[in-house]
Amino acid sequence: MSESAERFLELRDKLTIPLKVAEKIQETPDAYSFRFDIPADQKGKFQYRAGQFVTLFLSVGDKHIRRSYSLCTSPSHDSHFQITVKQVEGGLGSNYLANQINSGDSIYVTPPQGTFFQQLERGQDAQYFFFAAGSGITPVFSIMKETLTTDPSAKAFLLFANRDEDHIIYKDLLAEIQQKFGDRLTLEHQLSQPKQPSDNAGRCDETRVKKFLEAHKTSDNVQAYLCGPDGFMDCSASALKQFGVSEDRIRTESFVTVIPAEAAATESAPAEELDGVVIGDLSAPTTKPSKIKAIINGQSVEVDVDPEISILESLINAGQNPPYSCMDGACMACMAKVTSGKVVQDDHGILTDENVEAAETLTCQARPASDNIVIDYDNL
Ligand SMILES: Cc1cc2nc3c(=O)[nH]c(=O)nc-3n(C[C@H](O)[C@H](O)[C@H](O)COP(=O)(O)OP(=O)(O)OC[C@H]3O[C@@H](n4cnc5c(N)ncnc54)[C@H](O)[C@@H]3O)c2cc1C
Ligand code: FES
């Protein structure tokens, strides 16, 4: 077994619990739900908040990968624990899960993480607006059920964009939920290529979102949840702002962790002889260090590192307790400032140009690339 495979398995065994797939459900031609059995002695670890996600450690042939999936269930509304995976063309993890994992198989799953949902004060006649596209429905479905169940004064409004009728994940379940909650839930679909004639045909653009808000927004106590491709979230956010919804009430979750290679190349710092995006002191000579320093919760620690694995993994292996969540470059929980030396990430990921200029790195993606590295988690 290669060293990297050994390290993957070591970390997997430290951070995950094997969960048995109790049921696999085909939702659409290219989306499958996986309902997990949680062993009685692990129930505490798998308690969750609506809108959280889990990270799966998967071994696909000789490749070892981590992929995050949002829970589509809500702790207040549902008794089961379920994710839904939409197949991505050419995608390693999603196609492995869809084609090779079945009921009775076990998958290594981390306890739930994430902070997408921030419930408003209950009993204040809040209007929750949800904008989802494709598989972006998963955390939205969870949060929508949670708000409707736990706050009887809340109303929910969902605009759900899909290609056509056959690709609407949870189509029947949504209709059931709508019946259950009556006029407290308003649901509108937008189909880019409907099979049947539809009033709501075409791309879900800013004009469509504004029409939805015009029809339904009657309160100032609004919170919005957006999940889908970047363009979809941008136009939804822009429309919401034009309707007076402040930025702090617009919450977004992005599923895509890597920006296109072309954009990354133009935005990144010079890569010198290193492959990827270099962050920190670009003038520091490239080396493969054996130690780094880190500042975590006010403590300065020095740990052994392996230049081939992420700084976050080296810190966890050394028994430290750095902040992290997805381990997949998606949530920014593991961000730290490189105050001395330099690190390298394979790509820009979700970091902005401002992050890179400020020497901020995602430590779950960054490998050490010089001597005298200091990583500060406390002062961002
Ligand atoms: C917090 C979080 C929650 C997520 N929740 C869900 C969920 O509930 N359901 C779900 O199906 N997915 C979800 N994802 C996305 C998921 O983690 C994987 O990225 C996705 O399944 C693709 O993985 P893959 O291994 O099949 O593709 P890869 O082998 O990683 O990528 C193959 C190609 O597809 C592109 N790609 C990767 N992801 C996407 C995407 N989402 N849409 C379009 N193109 C993509 C890549 O750029 C690459 O070109 C979530 C991601 C995050 C970060
Ligand atoms: S742990 Fe989520 S981005 Fe690093």
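Reader: What covers the buried residues of α2?
Author: This is a predicted model, to begin with. The cover over the buried residues of α2 includes β2 (31–37), β3 (53–60) and β5.

Reader: And which residues of α2 are buried?
Author: Helix α2 spans residues 92–100. Its buried residues are Ser94, Tyr96 and Leu97.

Reader: Where do they sit around the axis?
Author: They span an arc of only 165 degrees, so they lie on the same side of α2.

Reader: New topic. How is the protein divided?
Author: Into domain 1 (3–109), domain 2 (127–253) and domain 3 (261–376).

Reader: How many residues are in contact between domain 1 and domain 2?
Author: On the domain 1 side, 17 residues; they are in contact with 16 residues of domain 2.

Reader: Which strands supply that side of domain 1?
Author: β1 (17–28) and β5 (81–86) each supply at least two residues. β5 gives the most, with three residues.

Reader: What classes of residue are on that side?
Author: Six are nonpolar, eight are polar and three are charged.

Reader: And how far apart are the C-alpha centres of the two domains?
Author: Those of domain 1 and domain 2 lie 26 Å apart.

Reader: Now the largest nonpolar core. Which residues touch the most other members?
Author: Phe130, Ala132, Val140, Met144, Ala156 and Ala224 do. The core has 92 residues.

Reader: Take Phe130. What does Phe130 touch?
Author: Leaving out residues up to four places away in sequence, Phe130 touches Val140, Met144, Ala156, Phe157, Leu158 and Tyr225.

Reader: Last one, Val301. Where is it found?
Author: Val301 is in strand β14, residues 299–304.

Reader: Why does Val301 count as partly exposed?
Author: Because Val301 has 16 C-beta neighbours inside 10 Å. Buried takes 20 or more, and exposed means 12 or fewer.

Reader: Which residues does Val301 touch?
Author: Ala294, Ile296 and Gln320, not counting residues up to four places away in sequence.

Reader: And how far is Val301 from Phe117?
Author: Their C-alpha atoms are separated by 33 Å. Along the chain, Val301 and Phe117 are 184 residues apart.

Note on methods: Residues are numbered from 1 along each chain as its sequence is written. Chains are lettered from A and ligands numbered from 1 in the order in which they are written. This is a predicted model: local features need pLDDT of at least 70, side-chain atom pairs count only at pLDDT 80 or more; totals for chains, interfaces and linings use all residues. A nonpolar core is a set of buried Ala, Val, Leu, Ile, Met, Phe, Trp, Tyr and Cys residues joined through C-beta atoms within 7 Å. Two residues are in contact if their C-beta atoms, placed from the backbone, lie within 7 Å. Domain bounds come from an automatic or database domain assignment. Helices (H or I, at least four residues) and strands (E, at least two) are DSSP runs, numbered from the N terminus. Ala, Val, Leu, Ile, Met, Phe, Trp, Tyr, Cys and Pro count as nonpolar, Asp, Glu, Lys and Arg as charged, and the others, Gly among them, as polar. The arc is that of the directions from the helix axis to the C-beta atoms.
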